[in-house]
Amino acid sequence: MLISKRPPIVFFAVPKTASVSIETAFAPHFDMVMSKHPSLKHMNVRIYEASLANFVTRRVAKSPVRIAVMREPFDWILSWYRYRARPENDGAENSSKGVSADEFIRSYISDDPAPWAQVGSQYTFVTNKHDELGVDRLYRFDDLPRLAGFLNKRLGQNVSLGRLNISPQIGDDVSEETKRAYRDFASKDFDLFESLG
């Protein structure tokens, strides 16, 4: 999470949406950078509104523009699968080593997902407790130059985004049946992403 007083901006770091690249590029130009602990770095809209929004509006920025990035949901879940399967995660409870992409998604959409398939939801991340969109500007992951352009203009900078924290490429074969089941399960995510211009 990145917070700027002037100009007033709150950037929500949705996991697996280039948040490391965005933070690395723009953090020097923000007043508050929450990057070390995952619960702070990846604070969602609901937690922000319950615990930090009052402080920000009183002490930092009265009406900050809230910004986030959203990734195409199928690409997003496969990114999580690849991330959890990376070698440095071997032996961890949330390692998906030895699990196929199909199995990963099947577990994710089940009533009792395995630890390695507990990855939340982009829709839940960017919506408030009333199930309403809680950000003012939601950018597509496949259109990051537009986000960079907005931030550069607001911050008076000329920063380029690099590509960091890229998960290893592994087999991503998923059955059509599993794809359909995931699309039904994550229908709010798909609908929100497809509504973005």
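Trainee: Which residues does Tyr48 touch, leaving out those up to four places away in sequence?

Mentor: In this predicted model, Tyr48 touches Met1, Val10, Phe12, Met43, Ala53, Val56, Pro64 and Arg66. Tyr48 is also among the residues with the most contacts inside the largest nonpolar core.

Trainee: How many residues does that largest nonpolar core have, and which others have the most contacts inside it?

Mentor: The core has 24 residues. Besides Tyr48, those with the most contacts inside it are Met1, Ile3, Phe12, Leu52 and Leu138. At least two residues of this core come from each of helix H3 (45–51), helix H4 (53–60), strand S4, helix H7 (122–126) and helix H10 (187–195).

Trainee: Which residues are on each side of S4?

Mentor: In a regular strand, side chains alternate between the two faces of the sheet. On one side of S4 are Val65, Ile67 and Val69, and on the other are Arg66, Ala68 and Met70. Both faces are covered.

Trainee: Which strands pair with S4, and in what sense?

Mentor: Strand S2 (residues 9–11) pairs with S4 in the parallel sense over 3 bridges; here Ile9 has Val65 as its bridge partner. Strand S5 (residues 137–140) also pairs with S4 in the parallel sense, over 4 bridges. In that pairing, Val69 has Tyr139 as its bridge partner.

Trainee: A new topic: at what angle do H9 and H10 pack?

Mentor: Helix H9 (residues 176–185) and H10 pack at about 80°, and their axes are 4 Å apart. An angle of 65 to 115 degrees counts as roughly perpendicular, and the two helices are therefore roughly perpendicular to each other.

Trainee: Which residues make the contact?

Mentor: H9 contributes Tyr182, Arg183, Asp184 and Phe185, while H10 contributes Ser187, Phe190 and Glu194. By class, the contact has 3 nonpolar, 1 polar and 3 charged residues.

Trainee: Finally, where does Thr17 lie, and is it buried or exposed?

Mentor: Thr17 lies in the loop between S2 and helix H1 (19–26). Its relative accessibility is 0%, so Thr17 counts as buried.

Trainee: What does Thr17 touch, not counting residues up to four places away in sequence?

Mentor: Thr17 touches Ile22, Val69, Met70, Arg71, Trp76, Gln122 and Phe141. Of these, Val69 and Met70 are buried residues of S4.

Technical notes. Residues numbered from 1 in each chain as written. Predicted model: local features only at pLDDT ≥ 70, side-chain atom pairs only at ≥ 80, totals over all residues. Heavy atoms only, no water. Buried < 20%, exposed > 50% of the residue type's maximum accessible area, 1.4 Å probe, protein only. Pairing = 2+ DSSP bridges. Core = buried A, V, L, I, M, F, W, Y, C linked by side-chain atoms within 4.5 Å. Contact = heavy atoms within 4.5 Å. Axes fitted to C-alpha atoms, helices over the stretch in contact; angles between N-to-C directions. Parallel < 35°, antiparallel > 145°, perpendicular 65-115°, else oblique. Nonpolar A, V, L, I, M, F, W, Y, C, P; charged D, E, K, R; others polar.
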